[in-house]
Amino acid sequence: MINTINQQLQLLKLSGIKQALKQQLEQPNLYQEQSFIERISLLLTHEIDTREQRKIDRLVRHAKFRLPAQLNQLIYSPTRNIEKAQIRNLSQNSWLNLHQNILITGATGCGKTYLACALGHEHCLQGKSVYYIRLKELLESLFLAQADGSYRKLLAKLIKYDLLILDDWGLEPLSAQQRGDLLELIDARYGYKSHIIISQLPQENWHEMIGESTHADAILDRLIHGSIKLNLKGESIRKQLNKLTDDDQLS
């Protein structure tokens, strides 16, 4: 009978119930005082929890984060210009529900990408769809999609993400094609999706990086209006970690 039930649960894709039932059968003393309804409730709760965890794992996997970052591992210090209260607020969904953007700027190595990935990971845990990509890679993908006829399909996919994280913003000037593609994407997401922009280029230089004023004005108006600005400061985290490693080797 147990084998038959397990086969039925497998067929119905109820792996959470199957695992919980196995636990109840292996440890009957823990459940003997519970009623039939209570034990059924435990099985169903375990199934719901299992499905929720699978969803989170899938969201994190599909986000393709550059770093396995988590908010509880952030380094806070006055010199970094990061406050716990602000990050705690950003870890909640209010800014996403308002379709705001976060602009993270700062020198190379100061932890911009780590912070963005940590925020993205936190929102995956809350059931939001997130996607991380470098701006250059994004623009190359859109260019190739134009060539092979899959542009609209790719654009539709990118539009659906609750949060799009664009890293390495402003490393090089944009071409006319790139400006057009970027504007179409940003415009399609404007007003009901959010972005995190990561750049070592100061915000006042973004207009020049984008180029042609009409496109630059349109793109920046949609990204900057109502955005949350984080300007990270301090010595490079990489240099600090490398220094600690070197000191450990010398000691």
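Glu184 and Arg152 form a salt bridge in which the closest N and O atoms are 2.5 Å apart. Because Glu184 belongs to helix α9 (residues 176–189) and Arg152 to helix α8 (residues 151–160), the pair ties together parts that are 32 residues apart in sequence. Glu184 is partly exposed, with a relative accessible area of 27%, whereas Arg152 counts as exposed at 54%. The model described here is predicted.

Helix α9 also holds Asp187, whose side chain meets that of Arg222 in a salt bridge (2.8 Å, N to O). Arg222 lies in helix α11 (residues 213–224), so this pair ties together parts that are 35 residues apart in sequence. Arg222 is partly exposed at 21% relative accessibility, and Asp187 is partly exposed at 37%. A search of the whole structure finds 7 salt bridges.

Arg51 and Glu47 are joined by a salt bridge of 2.7 Å, N to O. Both residues lie in helix α3, 4 residues apart, or about one turn of the helix. An α-helix has 3.6 residues a turn, so residues three or four places apart point the same way. Arg51 is partly exposed, with a relative accessible area of 43%, whereas Glu47 is buried at 5%.

Helix α3 covers residues 36–63, and its 28 residues should span 40 Å at 1.5 Å a residue. The end C-alpha atoms are 41 Å apart, which agrees.

The buried residues of α3 include Leu43, Ile56 and Leu59. Its buried residues pack against α2 (15–26), α6 (112–125) and β2 (130–134). Just after α3, Lys64 adopts a positive phi of about 55°.

Notes: Residues are numbered from 1 along each chain as its sequence is written. This is a predicted model: local features need pLDDT of at least 70, side-chain atom pairs count only at pLDDT 80 or more; totals for chains, interfaces and linings use all residues. Side-chain values use heavy atoms; hydrogens and water are left out. Helices (H or I, at least four residues) and strands (E, at least two) are DSSP runs, numbered from the N terminus. The expected span of a helix is 1.5 Å times one less than its number of residues. Buried means under 20% relative accessible area, exposed over 50%, partly exposed in between (1.4 Å probe, protein chains only). Contact means heavy atoms within 4.5 Å. A salt bridge is a side-chain nitrogen of Lys or Arg within 4 Å of a carboxyl oxygen of Asp or Glu.
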